[in-house]
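Q: Please take a close look at one helix contact here. Then follow the packing into the rest of the model.

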Amino acid sequence: MAYSEKVIDHYSNPKNVGTLDKSKNNVGTGLVGAPECGDVMRLQIEVNEEGVISDAKFKTFGCGSAIASSSLATEWLKGKSIDEAIAIDNMDIVEELNLPPVKIHCSVLAEDAIKAAINDYRIKNGLPALEEAKH
Amino acid sequence: MELKLPIYLDNNATTPMDPRVLETMLPYFTDNFGNAASRNHPFGWAAEEAVDYAREQVANLIGADPKEIIFTSGATEADNLGIKGIFEMYASKGNHIITCTTEHKAVLDTCKHLEKLGAQVTYLEVLPDGMIDLAALENAITDKTILIAIMYGNNEIGVVQPVKEISAIARKHNVLFFTDGTQAVGKIPVDVIADGIDLMAFTAHKMYGPKGIGALYVRRKNPRVKVTAQMDGGGHERSMRSGTLNVPGIVGFGKAAEICKNEMAAESARLRILRDKLENGLLQLEESYLNGHKENRLPHTTNISFKYVEGEGLLMGFNKNIALSSGSACTSASLEPSYVLKALGLGDDLAHSSLRFGLGRFTTEEQIDYTIKAISDTVNKLREMSPLWEMFKEGIDLNSIEWAHH
């Protein structure tokens, strides 16, 4: 199976690999997937006082498409408001990375990770969790 | 010499053809194109003579009589013919077959097919090092058992089963012993007499011969074994496998077998050194584990899990330059990781993180050095971006986390 150039680029030069301080109130952490399934994503957002995502980091255990999906997600998240971030759909990721059908689950996982990070941030700040965060 | 990329380290999938084999085959596509069954003219005679000679070469490699070699299209067909053929031929004696969970799909799926036709099949579990438990094997034998089907060397982990002990148990209980010798024949000494093998499947393309030609060894005396043909037609191959003989393929198979016989000792010694260098180099990495028995193993194979990185992601780091296969799900159409590794008791996480290396006749030390470096670099890079590695380093027990299975 050949990877798209965009997947190869994100895999070779991943954007925003790293860790934010999860104990901080303005940091939301989403950890999704399972080692047994072959992919685990951890995506973190830092939200500034204006409610804008000022930083995003990821670490991913998984195939190239999973790494690329999470790398792309962090790129997209930076500078977005929470509401804009919620609107990111896994099919946007599929389209941008030209993921083949067998790799769609990687984009689903990335969307789940975004929603889980937002939920973590919301709960920390006394807001109700999003409904239907999971596919 | 400059290192030429890509490097091929997937010789358990298939081997490149030895140029000497190709050279021997070529006249049989053009000048000597005859049908080996044409008994009435020189074209047929030439083909028949070439087949006879190749049959001797193939038989010599495994210590068999040429009459005991049934040419097939490959090892899968030979597995099917051996197992289904015995099930049909010995139906009056019983319907029980014993095999094991790490067999190739050509054996497992054949057994599953026979279950639908009334066979009772015991799938023995293997020990954590991939070896058969001989006591469990003997205990599984009943008065209905007609066949034990245990492979010689495993395709994924290279583990070599104790065939002499298995055949002794089979003999003691008057049960036939079939072995899939695909990965072992041509690589390590296999002798059907000394090993007590009654039937054996093997193929040319794993030993530097052409694809599309394999063989089933069927013992002719002590005991005389017969299989029911699975393909009907002109009665070729002593009526056990009809179909016009693939003369160029057979000629190539013969030549490949002859080269293996002559060069096996030196080649396996050389590959063992290279394999050990590769293995020791990669096992220097923290949290990397060898899969399968360390000693009872094919000399050109190793299988290593790199914990906290995923196999397909790992391959992507170098698969433009190094051809390898992974036990991970994502590389194949199915979503399950390697059933062989799972049969050893590996968790899905380790099974997903494994690489299989198959060295071969044309593998060089420079290639091994390059491979150790490329894989080590990729493992380290991916661990830097692995959340599991970070947790491991922080001392978090990954089993204590409630993972969301999807």
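At what angle do helix α1 of chain A and helix α2 of chain A pack, and how far apart are their axes?

A: This is a predicted model: local features need pLDDT of at least 70, side-chain atom pairs need 80 or more, and totals for chains, interfaces and linings use all residues. Residues are numbered from 1 along each chain as its sequence is written, while chains are lettered from A and ligands numbered from 1 in written order.

Helices α1 (5–12) and α2 (64–77) of chain A pack at about 80°, with axes 8 Å apart. Axes are lines fitted to C-alpha atoms, for helices over the stretch in contact; angles run from 0 to 180 degrees between N-to-C directions. That makes α1(A) roughly perpendicular to α2(A). Helices (H or I, at least four residues) and strands (E, at least two) are DSSP runs, numbered from the N terminus.

From α1(A) come A:Lys6, A:Val7, A:His10 and A:Tyr11. α2(A) answers with A:Gly64, A:Ser65, A:Ile67, A:Ala68, A:Ser71 and A:Leu72. Contact means that C-beta atoms, placed from the backbone, lie within 7 Å. By class, this contact has five nonpolar, four polar and one charged residues. Ala, Val, Leu, Ile, Met, Phe, Trp, Tyr, Cys and Pro count as nonpolar; Asp, Glu, Lys and Arg as charged; the others, Gly among them, as polar.

In the loop between α1 and β1 (27–34) of chain A lies A:Asn16. Phi of A:Asn16 is near 65°, a positive value in a residue other than glycine.

Next, the chain contact. Chain B gives 24 residues and chain A gives 23. On the chain B side, α8 (311–316), α10 (348–352) and α12 (387–393) each give two or more residues. That side has eleven nonpolar, seven polar and six charged residues.

Chain B has its own helix pair. The axes of α7(B) and α11(B), residues 365–384, come within 10 Å and cross at roughly 15°. These two helices are therefore roughly parallel to each other. Residues of α7(B) in this contact include B:Leu274, B:Leu278 and B:Leu282. Their partners in α11(B) include B:Ile368, B:Ile372 and B:Ile375. The contact of α7(B) with α11(B) has six nonpolar, three polar and two charged residues.

Now the sheet. Four strands of chain B form an open, antiparallel sheet in the order β9-β10-β13-β12. Pairing requires at least two DSSP bridges between two strands. The edge strands β9 (288–290) and β12 (325–326) of chain B each pair on one side only. Helix α7 (247–283) of chain B packs on the sheet and touches β9, β10 and β13 (354–358) of chain B. The direction of α7(B) makes about 5° with that of β10(B). β9(B) and β10(B), residues 301–306, pair over three bridges. B:Ser288 stands opposite B:Phe306 in β10(B).

Finally, two cis bonds. One runs from B:Leu5 to B:Pro6, with omega near 0°. B:Pro6 is in the segment before β1 (7–8) of chain B. The peptide bond from B:Asn222 to B:Pro223 is also cis, with omega near -5°. B:Pro223 sits in the loop between β8 (214–218) and α7 of chain B.

Notes
Contact = placed C-beta atoms within 7 Å. Parallel < 35°, antiparallel > 145°, perpendicular 65-115°, else oblique.
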